[in-house]
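User: I want to learn how to read features in a structure, one at a time. Can you take me through some?

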Amino acid sequence: MKKLILLLLIVFTTSIHAQFTQSIFSKNPIIHLETWQEQKLYFGFFLGLNSYDFKFNYKATITEDIQVQKTTGFNVGLVADARLQKYFNLRFEPGLYYTKRILNYPENYFTSTPKSSDKIREINSTYIHLPLLLKFSALRTGNIRPYLLGGASTTLNLSSNSKSKDDNLEQRFRVKAWSPNYELGLGIDIFSEYFIFSPSIRGVFGLKDELIQDNDPTSPWTSNIESMRTRGLFINFTFH
């Protein structure tokens with residue numbers, strides 16, 4: 001899927017580079033889709049990349065943090081955009097997000113010398129991400145219109161293991177299925193002859209603790225964690 005996203009971006013860039021140079025970045029560009037965003041409602045889709053992290057708060061003072069090894073995941077989803085006013089739009093962007101994080105636990109978290117497999121927990125996540133965002137757009141200049149985004153979202157983790165009775169003793173890391181977030185970002189609408197291309201970057205910040213504690217209250221994997229919240233960075237490429 002990552003290769004498909006990169007291939008689409010390469011094809012897109014190559015095929016319309018000359019058109020963009022002449023009609024968007026020239027002194028007197030031809031204005032494309034001039035009244036498109038005056039519609040009350042329009043739709044689109046996005047492809048993108050993500051990088052997820054965790055923010056930990058601890059119950060007791062620690063000498064070493066749990067290290068989170070991040071990977072690059074991918075996103076795909078739909079966009080529904082409702083015009084509220086000339087500069088404000090309400091957007092709903094349901095999407096499917098795949099990611100993986102690897103937690104590396106310091107050796108001093110364990111009362112005895114741990115096995116190498118005990119110090120590592122791999123967390124694969126498949127998210128259904130449901131954000132409701134307010135888009136504030138600046139004045140359009142030629143075929144370019146920058147914007148800011150902000151709003152709230154809720155996320156369903158299909159790989160949470162929340163209903164499992166097994167825990168880290170059986171190498172099963174458990175998190176809550178649902179988590180609320182807030183989001184902030186920025187982007188730019190680029191108007192071509194036939195569609196709008198909108199690259200954007202956005203941060204997502206979890207609001208509640210997502211960790212499910214192990215059955216053993218002295219568990220080295222969870223007992224000293226007060227809260228664990230998601231942090232994420234999205235780069236989306238939207239087409240309307």
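User: Let me start with a polar contact. Which side chain does Ser153 meet in a polar contact?

Analyst: A polar contact is a pairing of N or O atoms within 3.5 Å. In this predicted model, the side chains of Ser153 and Glu183 are joined by one of 2.6 Å. Ser153 belongs to strand β7, residues 144-157.

User: Is Ser153 buried or exposed?

Analyst: The cut-off for buried is under 20% relative accessible area. Ser153 has 7%, so Ser153 is buried. Its neighbours beyond four places in sequence include His129, Leu130, Pro180 and Val204, along with Glu183.

User: Glu183 is charged. Which network of salt bridges does Glu183 belong to?

Analyst: A salt bridge needs a side-chain nitrogen of Lys or Arg within 4 Å of a carboxyl oxygen of Asp or Glu. Glu183 is linked with Asp81, Arg91, Glu93 and Arg202 in a network of such bridges. Searching the whole structure gives six salt bridges. One of them pairs Glu93 with Arg202, with the closest N and O atoms 3.4 Å apart. This pair links distant parts of the chain: Glu93 sits in the loop between β4 (88-92) and β5 (95-104), and Arg202 in strand β9 (residues 196-206), 109 residues apart.

User: Are Glu93 and Arg202 buried or exposed?

Analyst: Glu93 is buried, at 3% relative accessible area. Arg202 is buried too, at 2%.

User: How should I read the salt bridge between Lys135 and Asp189? What does the pair tie together?

Analyst: Check the distance, then the positions in sequence. The closest N and O atoms of Lys135 and Asp189 are 2.8 Å apart. Lys135 is in strand β6 and Asp189 in strand β8 (residues 178-191), so the bridge ties together parts 54 residues apart in sequence. Lys135 has 1% relative accessibility and counts as buried. Asp189, at 0%, is buried as well.

User: What about Lys119 and Glu107? Where do they lie?

Analyst: Their side chains form a salt bridge of 3.8 Å, N to O. Both residues lie in the loop between β5 and β6 (120-137), twelve residues apart. Lys119 counts as partly exposed at 25% relative accessibility. Glu107 is partly exposed at 44%.

User: Next, the nonpolar core. Which residues touch the most other members of the largest one?

Analyst: Such a core is a set of buried nonpolar-core residue types joined through side-chain atoms within 4.5 Å. The largest here has 16 residues, and Phe56, Ile66, Leu103, Tyr105, Phe173 and Met228 touch the most other members. Strands β1 (41-58) and β10 (225-239) each supply at least two residues. β1 gives the most, with three.

User: Last, confidence. Where is the pLDDT below 50?

Analyst: Begin with the average. The chain averages a pLDDT of 87, and 86% of the residues score at least 70. Over residues 15-19 the pLDDT is below 50, and this stretch has four contacts in the model beyond near neighbours in sequence.

Definitions and conventions. Residues are numbered from 1 along each chain as its sequence is written. This is a predicted model: local features need pLDDT of at least 70, side-chain atom pairs count only at pLDDT 80 or more; totals for chains, interfaces and linings use all residues. Side-chain values use heavy atoms; hydrogens and water are left out. Buried means under 20% relative accessible area, exposed over 50%, partly exposed in between (1.4 Å probe, protein chains only). Helices (H or I, at least four residues) and strands (E, at least two) are DSSP runs, numbered from the N terminus. A polar contact is a pair of N or O atoms within 3.5 Å; within protein, one must be able to donate a hydrogen and the other to accept it, and residues adjacent in sequence count only if both atoms are side-chain atoms. Contact means heavy atoms within 4.5 Å. pLDDT is the predictor's confidence in each residue, from 0 to 100.
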